[in-house]
Amino acid sequence: MGSTADKITLYTNHRCPWAHRAHIVVKELGLKYEEVIIDLDRPREPWYLEVNPRGLVPAIKFNDQIVTESGVVARFLADAYPSHLIPATGTVDAALTRARINFFVDTWFDKVGSYWFQILRAEDAKKEELVKEFVEKIEKEIEPLLKDASPFFGGSKKVTLAEALTAPFILRVYSFSKNGLLPRSVLEGLEKLPNFSKWAQAVNEEESVTYIWNADEVISATKKKIESLKAAAK
C-alpha cells in the first residue's frame, strides 16, 4: 500500500487524452506529485526516452520505479492507494465490481472508442453516416451498462476507475461537438440516450476531469493534427 512518503513524478502533456487519465486518478486520490511536461510536437529528448523508450505519455516515476502506459499507470495507482475508484481485491463482490469496470472500459474502446476520431478525419459526405453508427453503437453497447449509474458507474456517488479511464474521451466528444470539430448531430444523438447522457453530464462536470482541461488549446491542436493527416493522405 502506498504512503504519504512516496515520491511521484508524472510525465505528461495536458493535451493528451491518455495522460489525462493519470491526472484524473491522482486528483481523485489526492496525491502530491511533481509534474514534468513533455512536448509532443517535437522528437522526444534522449533523457525522456530513457524514462520511457516508447516516448509516450503518461509515465510515472514512483519512488525509484518507472511505470508506463496510461491504463497501467491508472490501475497501479488505484491499487497502491485503495479508495472509491476501485475496490481492493480479496472478496467475490470486489472481484465482480473490478470485472464490471474492466468490461465497461474494454467495451468503450473495443466497440465505440475509435468512432469519434474517424468522424474527425472523414470527409463531410461520410461524417453523418459515421455519427449514426457511433450513436447506435453507444446505445447498444454502453447504454445498458449505465442503467444503475447514480450518477457514476455501478451506482457510485464518486468517480470510479470506469470514469477515470474513459472521461478524457467523453469530454472531448462533447466539447468537439459543441465547438464544431464534430457535427452537432453527435450531441443530438447522445441526448436521446437517457443513461448515457445523464452519466456523461456528471462526468464532464467533475473537477478531477476538468482541472487540467483547456478546450481552446486542445481544439486548436486537434484541428492542426487533422489538417496534417488529411494533407498527408492526399
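**The two annotated spans**

Select residues 90–226 to begin: the end C-alpha atoms of this span lie 46 Å apart, and the span is 73% helix and 0% strand. Helices (H or I, at least four residues) and strands (E, at least two) are DSSP runs, numbered from the N terminus. The model is predicted, so local features need pLDDT of at least 70 and side-chain atom pairs count only at pLDDT 80 or more, whereas totals for chains, interfaces and linings use all residues. Residues are numbered from 1 along each chain as its sequence is written, and side-chain values use heavy atoms, with hydrogens and water left out.

In UniProt, an unreviewed entry gives residues 90–226 the annotation "domain: GST C-terminal". UniProt positions are given in the numbering used here, feature names are shortened, and annotations may be inferred rather than shown by experiment. Select residues 6–85 next: this span is 38% helix and 21% strand, and its end C-alpha atoms lie 19 Å apart.

**The largest pocket**

Now select R15, C16, P17, W18 and K225, which lie nearest the centre of the largest pocket among its 29 lining residues. A pocket is defined on a 1 Å grid over the protein atoms alone, as an open set of points where a 1.4 Å probe fits, with protein on both sides within 12 Å along at least five of seven lines; lining residues have an atom within 4 Å of a point. The space in the largest pocket comes to about 890 Å³. Grid points are joined across faces, edges and corners, and a volume is the space filled by probe spheres set on the points.

Colour α1 (17–29), α3 (70–80), α5 (115–121), α7 (161–178) and α11 (215–233), the elements that each give two or more residues to the lining of the largest pocket. The largest share, five residues, comes from α11. Where does the largest pocket lie? It lies between domain 1 (8–80) and domain 2 (92–233), because both give residues to its lining. These domain bounds come from an automatic or database domain assignment.

By residue class, the lining of the largest pocket has 15 nonpolar, six polar and eight charged members. Ala, Val, Leu, Ile, Met, Phe, Trp, Tyr, Cys and Pro count as nonpolar, Asp, Glu, Lys and Arg as charged, and the others, Gly among them, as polar.

**The second largest pocket**

The second largest pocket has a volume of about 270 Å³. Select T97, R100, D148, F153 and G154, the closest to its centre of the 15 residues that line it. The lining of the second largest pocket divides into seven nonpolar, five polar and three charged residues.

**Aromatic pairs**

Display the aromatic side chains next; 16 aromatic pairs are counted. Rings of Phe, Tyr and Trp (its six-membered ring) pair if their centres lie within 6.5 Å; planes under 30 degrees apart count as stacked, over 60 as edge-to-face and the rest as tilted.

Select F104 and W199: their rings form an edge-to-face pair, 5.5 Å centre to centre with 75° between the planes. F104 is in helix α4 (residues 92–112) and W199 in helix α9 (residues 194–205), so that the pair links parts of the chain 95 residues apart. F104 is buried at 0% relative accessibility, and W199 is buried at 1%. Buried means under 20% relative accessible area, exposed over 50%, and partly exposed in between (1.4 Å probe, protein chains only).

Move to F109 and F169, an edge-to-face pair with 5.2 Å centre to centre and 90° between the planes. F109 lies in helix α4 and F169 in helix α7, so the pair ties together parts that are 60 residues apart in sequence. F109 is partly exposed, at 25%, whereas F169 is buried, at 3%.

**Backbone details**

Finally, inspect the backbone at V57 and P58, which a cis peptide bond joins with omega of about 5°. P58 is in the loop between α2 (46–51) and β3 (59–62). A cis peptide bond also joins S150 and P151, with omega of about -5°; P151 is in the loop between α6 (124–142) and α7.
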